[in-house]
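Hello,

Here is the structure I promised to send you. Have a look at it first, and then read my notes below.

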Amino acid sequence: MKRLKIAFVASEAHPFVKTGGLADVAYSLPKSLAEAGHEVVLFLPRYYKVDRVRFECVPVGGPLGVPLGCTEKWCGVLMSRAIPGVRTIFIEHDSYFGRDGLYDDGYSAFSDNAERFTFFNRAVLQACMALGFDPDIIHCNDWQTALIPIYIKTLYRFSRFFKKTKSVMTIHNIGYQGVFDKNEIHWSQLGWESYNEDCLKFYDMINFMKGGILWSDAITTVSEKYAVEIQTPEFGYDLSGILLKRKKQLFGITNGVDYGCWDPATDEMIPVKYSSSKMHGKVLCKEYLQFEFGLKVNPDIPLMATVSRLTHQKGIDVLVQSLSDLALRTDFQFVILGTGDQHLIDAFNVLKGSYPDRIGVYWGYSNPLAHKIEAAADIYLMPSRYEPCGLNQMYSLHYGTIPVVRATGGLDDTVVQWNGESKTGTGFKFTDIDRDALSHSVLDALNLYADRPDWEIIRKNAMKFRLPWETAVAEYEKVYSSIISAIPC
Ligand code: ADP
Ligand code: GLC
């Protein structure tokens, strides 16, 4: 396809700053689009955590004026080449982004999030103009970037930089929408005329995600099933009606896996590398992790694991209940790496207190440890209430770590239920989000683990799974083409 100019806008990206899977996508997708021949500029806030020296950030141009509320604020514009083939542009403004935390202080959301991200959205458009970058596509991600599609069709409509620009809104998680007091609308300069049902109004508040969905030229979600799910009240978090209205412009494109980062054959973060034809390394990775977590070092005991944000979405409450039941019935070890809700941490700490040599916990964020866990574990548990895509189940498959997942969103799309007769399938799925349903599936996995020949087969099946980013890029290109060639209404 024709080489496009793509502005990719996100609120986090690996390797600069990451709280979840969005950061993985905002690294791999722009990189893969660039590899496919497009000119890609990635825009990010320059949080305090982004190391200017390590990523060789250099200022481009002078200070940039950003209209905001009834005034103008100034920001720095920095560039890094850390992502191959992509220019990463950082918007730097210390009073908005020079603090610990991206969206919250660890307990509650920052009270000025509407102001901070309105500023960021506006700054991105101002920076495009200052850099002389007139994108064919502005690709926005989640609520933190969702005002941009509105701006393109209102305040920037007559700018020569955005005359031909089309916008795409990718929903990574509709559970987070950027809902604020209606008076926060004044930061945007969109005026009270935008406070209506066809734009930002949401009950008596404003909703950034709603605006992005209604005003973008195309909407995508990060798996096919999630695109269908969010059109129902159960998964749509009050936006299902609006998504139904726009269903012709709504596309589900499953995220890919960056095998440059997540491959046990080349992974520098794991103690011993391995591949499907040379699995001994996986045993050593397991022994290493058992030792690190103070568990009994014994490769025959099944080791289960989870790496996750500890939130309601991820079903961690159900996980801890199920593990408490299972611990009374069968022998296993379990390791968890996570950050999030304190009551979930407390619940796991109690479980660990009861089974110190069977349960291992690490409360914090550690990418190297996430890799070590993927390599070491036999079984990966992901009992999400909803999961727009989910990356860890796909990493697990490639590491020969059998996923047990709830059949929702991307988990359902990417894991195939094991069938003992045909010896097909890559993992285990359950439907009801309750402790018994999860325990049942886990027991199925543990039983299969005890049956060595079949376990080898499921592991081989899993390790064959491949979903490279090139597949998703081809789908995004189709969406981009369709909106570029669409006749404006
Ligand atoms: P989500 O974006 O909803 O959190 P995903 O499965 O899409 O879920 O992506 C989560 C990403 O964040 C994965 O790359 C996972 O390894 C990583 N991750 C989550 N929690 C941690 C943690 N505590 N330490 C290191 N990596 C983590
Ligand atoms: C969100 C979703 C997750 C998805 C990720 C990347 O954080 O919760 O399911 O994999 O975004 O798209």
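First, some ground rules. This is a predicted model, in which local features need pLDDT of at least 70 and side-chain atom pairs count only at pLDDT 80 or more, while totals for chains, interfaces and linings use all residues. Residues are numbered from 1 along each chain as its sequence is written, chains are lettered from A and ligands numbered from 1 in the order in which they are written, and side-chain values use heavy atoms, with hydrogens and water left out.

**The two domains**

The protein chain is assigned domain 1 (5–256 + 469–485) and domain 2 (280–463); such bounds come from an automatic or database domain assignment. Their C-alpha centres are 33 Å apart. Where they meet, 19 residues of domain 1 are in contact with 18 residues of domain 2 (contact means heavy atoms within 4.5 Å). About 1500 Å² is buried between the two domains, and carbon and sulfur atoms give 52% of it. Buried area here is the accessible area (1.4 Å probe) that two parts lose on being put together, summed over both.

**Ligand 1**

Where does ligand 1 lie? Domain 1 and domain 2 both give residues to its shell, so ligand 1 lies between them. The shell has 21 residues, and the closest are K18, G21, R309, K314 and L391; a residue counts as near if one of its heavy atoms lies within 4 Å. By class, 7 are nonpolar, 9 polar and 5 charged. In this scheme Ala, Val, Leu, Ile, Met, Phe, Trp, Tyr, Cys and Pro are nonpolar, Asp, Glu, Lys and Arg are charged, and the others, Gly among them, are polar.

Strand β14 gives the largest share of this shell, 3 residues. Helices (H or I, at least four residues) and strands (E, at least two) are DSSP runs, numbered from the N terminus.

Now for some polar contacts, meaning pairs of N or O atoms within 3.5 Å (within protein, one must be able to donate a hydrogen and the other to accept it, and residues adjacent in sequence count only if both atoms are side-chain atoms). A polar side-chain atom of K18 is 2.9 Å from an oxygen atom of ligand 1, and one of N392 is 3.4 Å from an oxygen atom of this ligand. A polar backbone atom of G364 lies 2.9 Å from a nitrogen atom of ligand 1. On its own, ligand 1 has 560 Å² of accessible area, and the protein covers 94% of that (Shrake-Rupley method, 1.4 Å probe; for residues, only the protein chains shown count as cover).

**Ligand 2**

Around ligand 2 there are 14 residues, the closest being H172, N255, E387, C389 and G390. Oxygen atoms of ligand 2 lie 2.8 Å from a polar backbone atom of G390 and 3.2 Å from a polar side-chain atom of Q313. Taken alone, ligand 2 exposes 310 Å², and the protein buries 93% of that.

**Two backbone spots**

H14 and P15 are joined by a cis peptide bond, with omega about 0 degrees. P15 sits in the loop between β1 (5–9) and α1. E56, a residue other than glycine, has a positive phi near 50 degrees.

Enjoy exploring!
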